[in-house]
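Colleague: Before we turn to particular residues, may I ask you to take me through this model?

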Amino acid sequence: MTNQKIKAGFTLIELIMVVAIIGTILTVSFISFTNARQKARDTKRLSDITQIQNTLELYLRDEGRYPDAITFGSSLTGSSSIRVYMNNLPQNPSPRDDGVCPNNDYIYTINESGYLLDFCLSEPTAQLTAGEKCATPQGILNRRCFTCGTDQIVISTIAGHPCGTGDTCTYDTIQIGDQCWLRQNLNIGNYVTGATTQTDNEILEKYCYNNDNNNCVTDGALYQWDEAMQYGSLLPGTQGVCPSGWHLPTDFEQHTLENFLSNPYLNICNPDRINVNDCGPAGSVLQNIDGFNFIISGLREINGSFNYRNTYSWMWSSSLNEPEIFVRAITSGGQSIGRNSAIRNYGMSVRCLKN
C-alpha cells in the first residue's frame, strides 16, 4: 500500500483571520466610498449656491430687486416680465442630514441688505469649515445666517404687498425648545373693515380689531384662514402670509410648543383633544414668557363684528380638521390652552414658526 500525503486545510484560526482581513478591507472600502459620496454632495451644494447667486444677480439687474421668495425645485420667473431665469432651482441633495447638517433644504430669506441663503456642508470644503453657512450678495459667510433669539426678521414684501405704514416690518424672534418663533403676531397687509370678506384678489388683506389700525400695531392683525394660507397649498406647514423661510405652524407643532411649556418630560398634554382645555400651565407661560408675548387679541366674528379682546385669543394652525381648522385658544390669565376646531371665515391671529 502506497503512503499518500494528505494536504492539510485551513485551520479555524486561519479562517477567522482571513474573514477578519476581508471584513476590514470591505469596511475601509465602504467608508472611503461613503466619504467620497459625501464630499461629492458638498461639492454639488457649493455649485448649487453659486448658480443660485448668479441667477439672483441676473434677476436683480432686470427686475430692480431680488425676488420676494423662491421655491427650490421649481422655476424662477421675473415679477415684471415673463423671463425664466432658471428652469429648475437646485435642491439640497439627499441625504440632507449629512454629518453635522440638519435635514433642511436650502433656505432663502429677504433682508435689508439683499438676501440670505442658508446651506450646510458636512465636511470642510473649499476653505469653508463643516456646518451651516450663509450666502449673501457680498459672498459666502463661514457661519449660519440666523441665530434665533438674537437676530430679527425684516419683511420688505409678502404676497406682493410692500411692508409700509400701519404694518409691522421688523419682528423679534424667540427660541422655545427646538422651535424658533416670531415674538409678535403678524401684522402686514392692506387694511379692510370687518364687514369685508377677504378674498383671493391678489391683494393681501388684514383686519384690525374694531376697525382700528392702532390695534393691529399693538396686537397684530387678524386674518381669515384662506387669506393666511394665501389660497395655494392646503398642506400643513405652508408658508402662507409668513416671511420666506417661515410658515404657519401645524397642529402638531403647536402641540409641541404647549407640551414643552407644560412639562417636556411628562407629555401631559393630550394632542387629540377637541374643544377641550389642557396643558396647564402652558397658557399662562405663553402670556408671560419673556418675549413670546401671546397677546389676548380677540377675533373677527363671521358676521364681521369683533369680540373677546382682552378675554380670549386664537392662533391659526395650517392643519385641517375637515371642514374646519385646528386652532389654539388662550384665555386671559388662564393656565391651560384650548385645542379647538374653527370655521375658516373667522379672523384670527397668525404667529409664524421658522422652517
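Colleague: How many salt bridges does the structure hold?

Modeller: This is a predicted model, in which local features need pLDDT of at least 70 and side-chain atom pairs count only at pLDDT 80 or more, while totals for chains, interfaces and linings use all residues. Residues are numbered from 1 along each chain as its sequence is written, and side-chain values use heavy atoms, with hydrogens and water left out. A salt bridge is a side-chain nitrogen of Lys or Arg within 4 Å of a carboxyl oxygen of Asp or Glu. By that criterion, the number of salt bridges in the structure is 17.

Colleague: In the salt bridge of D251 and R339, are the two residues buried or exposed?

Modeller: Their side chains meet at 2.9 Å, N to O. The pair links distant parts of the chain, with D251 in helix α4 (residues 251–262) and R339 in strand β21, 88 residues apart; helices (H or I, at least four residues) and strands (E, at least two) are DSSP runs, numbered from the N terminus. Buried means under 20% relative accessible area, exposed over 50%, and partly exposed in between (1.4 Å probe, protein chains only). Because D251 has 11% and R339 has 5%, each counts as buried.

Colleague: Is C216 buried or exposed?

Modeller: C216 lies in helix α2 (residues 213–219). Leaving aside neighbours within four places in sequence, C216 is in contact (heavy atoms within 4.5 Å) with N187, K206, Y207, C208 and A221. Because its relative accessibility is 0%, C216 counts as buried.

Colleague: What area do domain 1 and domain 2 bury between them?

Modeller: The bounds, from an automatic or database domain assignment, are 21–145 for domain 1 and 154–354 for domain 2. Eight residues of domain 1 are in contact with six residues of domain 2. Buried area is the accessible area (1.4 Å probe) that two parts lose on being put together, summed over both. Of the area buried here, 45% is on carbon and sulfur atoms, and the total is about 590 Å².

Colleague: How many salt bridges are there between domain 1 and domain 2?

Modeller: The centres of the two domains, taken over C-alpha atoms, are 31 Å apart. Between domain 1 and domain 2, the count of salt bridges is zero.
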